[in-house]
Amino acid sequence: MSADQRPAAPAMVAATPESLGEDVKRRLKEPGWRFGHFTGRALPGGRLALDVLLLDAKRGAAAIYTAELAEGVREYPALTPHVPAAHWAERAVGEMFGVLAVGHPRWKSLRLHAPVWPEGLAPLRPDDWEAPVSRAPYEFMRVKGEGIHEIPVGPIHAGIIEPGHFRFSCMGEIVTNLEIRLGYQHRGIEKRLQETPWAKGLFLAEAVSTDTAAGNALAHAVAVESLLGVTAPPRATALRTVALEIERLANHVGDLGALAGDIGYNIGPALFPTIRGAALALAVTLTGNRRQRWYIRPGGVARDLPDAQRNAILVGLSALAGQVRRHVPLILEHPGVLDRMEGTGRLSPSLAKDFGVVGPAGRASASRYDARCAFHHGAYPDPSFAPAHRAEGDVLARARIRADEIDASIAIIETLLENLPTSAIAVGLGDALPAHSVGVGVVEAWRGELIHWISTDGDGRIARYAVKDPSFNNWTGLAVAMRGNMVADFPLCNKSFNLSYSGNDL
């Protein structure tokens, strides 16, 4: 990425708490604009800024609408009635800062559920603020009617997956509503990233969701580099992209095998773990470990790729591609698999758009948004490619998107490694972040749009470090997709989204 391709700082747009929702809604009606994230930011004098990040996918730009609450004011008109995709972010701001979004349609805790988390706790509220607004108790939506019954599942599950509670309201075997309650392992990641010296934040940033270590590391690096006004060297830019695509390849291959396993078609769990293992072996050759941790860093990458290792990756990639060509049709062309997946867990394009569903789940429901085509990260938006796209919105469409993206990742990795630039692998960063500045990293991780958003104060310290994992958008998509399906369809629907618990429970 050349200097003139460096991501521009987001445009700052002043608003009032009363006008914020309408202002944002008006901008989102313009072509190319989409809702990115919403958060709060503590200001001197007991004030709170409400910040809305909007992304211009058409021009690769961003804008931040900011509205300040007066000293001591702890409520504001809710954004959600104007922007449904903001509903979880608004609840997170409420509990983290101790404020009330007046008019939010389902106001309750998101992560800090009582009685585990004591009343009065608002982790991002400065110590000198007065007591926060009381949190609303968590109440599940009640579905009423003759024959309605509830099935609670979790939060503790079989196996080693993370905790989450699923409350099914059913008419017989048909799900009329699914409510998903997370937050069982809130880790304080955002607060720790705010308090940790910026030059040491990479380890925490990667830990947001460690199956997306490369994606989180890259989003963190882009945000820091945009603050500092530096650009990673061309060779590092290419190697970062290879790491990102290996991560996508490994996870998509694993998901296809697991999807087959969830319907009892054992070809998937028998064959696809070996392909995933081959992808993880490529990650080891590139970065030194399977999860690709400690490799992508602000300024570049941690180690170079000698020709012998580059050639080894290309050889391994060719063998992996051969396995993919042979084995994917065994799943996606099998009549029994097609019958089980087609029409199951359908998410309509309109609801996917309303709730901001991203990544393969969004592109399976008619979205054409892929951050690789819009925002600079790694080598993107080069090399250019056509994002996978489907309109059916069902499990089969989400599986086919993964298969299409596997092919695209193989081609991208091969192209980059065969044309690897010659340059340094890192640049110096300096000693301090600039004051009153904003850096945003937008990355198309394997689950979809991933955002790391850093704001500094008047002394150049991190005033707010916000993270939006793609799962933060997509959990609502899963809940909506289950409506009208049988309870027995849930494992298949759930795996077709394959969302991160830890990406939500920051």
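Reader: Does Asn-498 count as buried or exposed, and at what relative accessibility?

Author: A residue is called buried under 20% relative accessible area, exposed over 50%, and partly exposed in between, with a 1.4 Å probe and protein chains only. Asn-498 has 17% relative accessibility, so it counts as buried. This is a predicted model, in which local features need pLDDT of at least 70 and side-chain atom pairs count only at pLDDT 80 or more, while totals for chains, interfaces and linings use all residues. Residues are numbered from 1 along each chain as its sequence is written, and side-chain values use heavy atoms, leaving out hydrogens and water.

Reader: Where does Asn-498 lie, and what is its phi?

Author: Helices (H or I, at least four residues) and strands (E, at least two) are DSSP runs, numbered from the N terminus. Asn-498 belongs to the segment after α14 (490-497). Most residues other than glycine have a negative phi, and most peptide bonds are trans. Asn-498, however, has a positive phi near 45°. Ala-366 also has a positive phi, near 80°; this residue is in the loop between α11 and α12. With a relative accessible area of 31%, Ala-366 is partly exposed.

Reader: Which peptide bonds are cis?

Author: Omega is the angle to read here. The bond from Tyr-380 to Pro-381 is cis, with omega near 10°, and the bond joining Asp-382 and Pro-383 is cis with omega about 0°. Pro-381 sits in the loop between α11 (359-363) and α12 (395-418), and Pro-383 is likewise found in the loop between α11 and α12.

Reader: How far apart are His-87 and Asn-473 in sequence and in space?

Author: Sequence separation and spatial distance are read as two separate quantities. His-87 and Asn-473 are 386 residues apart in sequence, yet their C-alpha atoms are 9.5 Å apart. His-87 is in helix α2 (residues 87-97), and Asn-473 is in helix α13 (residues 470-481). Both count as buried: His-87 has 16% relative accessibility, and Asn-473 has a relative accessible area of 6%.

Reader: What do these two residues touch?

Author: A contact means heavy atoms within 4.5 Å. Leaving aside residues up to four places away in sequence, His-87 touches Thr-80, His-104, Phe-355 and Thr-476. On the same terms, Asn-473 touches Phe-355, Gly-356, Val-357, Val-358 and Lys-468.

Reader: Which polar contacts do their side chains make?

Author: A polar contact is a pair of N or O atoms within 3.5 Å; within protein, one must be able to donate a hydrogen and the other to accept it, and residues adjacent in sequence count only if both atoms are side-chain atoms. The side chain of His-87 meets that of Thr-476 at 3.0 Å. The side chain of Asn-473 reaches the backbone oxygen of Gly-356 at 2.7 Å and the side chain of Lys-468 at 2.9 Å.

Reader: How many helices and strands does the chain have, and what is its radius of gyration?

Author: The chain has 14 helices and 14 strands. The radius of gyration is taken over C-alpha atoms, and the globule rule is 2.2 Å times the number of residues to the power 0.38. For 506 residues, a compact globule would have a value near 23 Å, and the 22 Å of the chain agrees. Of the 506 residues, 58% count as buried. Among contacts between residues at least 6 apart in sequence, 69% join residues at least 24 apart.
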